Amino acid sequence: MNAEYVALSFFKSHSIHYHFKRPIITFPCPSCCQEAKMDVKNTVWACVECGDQGTLYTLIQLMEQDNVSKRILQNSKIYNPKEEIVLIRSRFEHLISKHGSSVEKLYKKVNQLIEYYQIERRPH
Ligand SMILES: [Zn+2]
């Protein structure tokens with residue numbers, strides 16, 4: 001079993017909200033519930049916000065021994081832009097089917113704005 005498989009299994013089996021874009025797993029920091037990022041190659045993680053850090057082993061220990069951290073890990077949700085965009089698009093499609101072209105114009109404007117920021121944020 002490789003580290004990536006073990007790490008993903010850990011998040012899944014403990015119902016911890018995460019998203020994975022190889023080689024990084026983003027999940028809620030056990031100290032401050034902001035975004036922490038783990039490299040699956042060595043399972044080393046760090047929180048961007050509070051600087052807390054550790055490995056997968058640290059997280060396993062926290063789940064077993066620290067109820068506060070366990071609660072934060074299992075009850076926090078991190079923002080996943082990919083999930084959000086799918087949700088927003090499906091809600092727009094539902095609204096367009098009900099209300100027609102006025103909503104469709106708004107939908108096009110929102111899509112333009114999203115594309116604008118996607119291009120802005122791309123590294124040069
Ligand atoms: Zn933190």
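Cys 32 sits in the loop that links β2 and β3. This is a predicted model, and in it Cys 32 comes out as partly exposed, with 16 other C-beta atoms within 10 Å; that count lies between the 12 or fewer of an exposed residue and the 20 or more of a buried one.

Which residues does Cys 32 touch, leaving aside its neighbours within four places in sequence? Its contacts are Cys 47, Glu 49 and Cys 50. Another residue to look up from here is Ser 69: it is 37 residues away from Cys 32 along the chain, and the two C-alpha atoms are separated by 9.0 Å.

## The sheet

The five strands make an open sheet in the order β1-β2-β3-β4-β5, and their pairing is antiparallel. The edges belong to β1 and β5 (53-54), which have a single partner strand each, so one side of each is left without a neighbour in the sheet. As background, strands of a sheet pair through backbone hydrogen bonds, either parallel or antiparallel.

With β3 it pairs in the antiparallel sense over four bridges; Met 38 has Trp 45 as its bridge partner, and Lys 37 stands opposite Ala 46. With β5, β4 pairs over two bridges, again in the antiparallel sense, and here Trp 45 stands opposite Gly 54. Side chains in a regular strand alternate between the two faces of the sheet. In β4, Trp 45 and Cys 47 make up the covered face, while Val 44 and Ala 46 make up the uncovered one. Cys 47, on that covered face, is also one of the contacts of Cys 32.

Two hairpins involve β4. The hairpin of β3 and β4 has four residues between the strands, and Thr 43 takes a positive phi near 60° there. Thr 43 belongs to the loop between β3 (35-39) and β4 (44-47) and is partly exposed, with 19 other C-beta atoms within 10 Å. The hairpin of β4 and β5 has five residues between its strands, and Gly 51 in the turn has a positive phi of about 85°.

Most residues other than glycine have a negative phi, and most peptide bonds are trans. Thr 43 has a positive phi although it is not a glycine, and Ser 15 is another non-glycine residue with a positive value, near 55°. Ser 15 lies in the loop between α1 (3-13) and β1. Is Ser 15 buried or exposed? Ser 15 is exposed, with 9 other C-beta atoms within 10 Å. The peptide bond from Arg 22 to Pro 23 is cis, with omega near 5°, and Pro 23 is in the loop between β1 (19-21) and β2 (24-28).

## Helix α4

α4 (residues 81-99) has 19 residues, which at 1.5 Å a residue should span 27 Å; the end C-alpha atoms are 26 Å apart, in agreement with that figure. How many residues of α4 are buried? The number is zero, so α4 lies largely in the open. After α4 comes Gly 100, with a positive phi near 75°.

## The whole chain

Stepping back, the protein chain has five helices and five strands. From the N terminus on, the elements run α-β-β-β-β-β-α-α-α-α. The radius of gyration is 18 Å, well over the 14 Å that the globule rule gives for 124 residues, so the chain is more spread out than a compact globule. Taken along the principal axes, the C-alpha atoms fill a box of roughly 55 × 35 × 30 Å.

The chain is divided into domain 1 (3-75) and domain 2 (81-121), and the C-alpha centres of these two domains lie 31 Å apart. Of the 124 residues, 11% count as buried. Among contacts between residues at least 6 apart in sequence, 35% join residues at least 24 apart.

Notes: Residues numbered from 1 in each chain as written. Predicted model: local features only at pLDDT ≥ 70, side-chain atom pairs only at ≥ 80, totals over all residues. Domains from an automatic or database assignment. Rg over C-alpha atoms; globule rule 2.2 N^0.38 Å. Contact = placed C-beta atoms within 7 Å. Pairing = 2+ DSSP bridges. Expected span 1.5 Å × (residues − 1).
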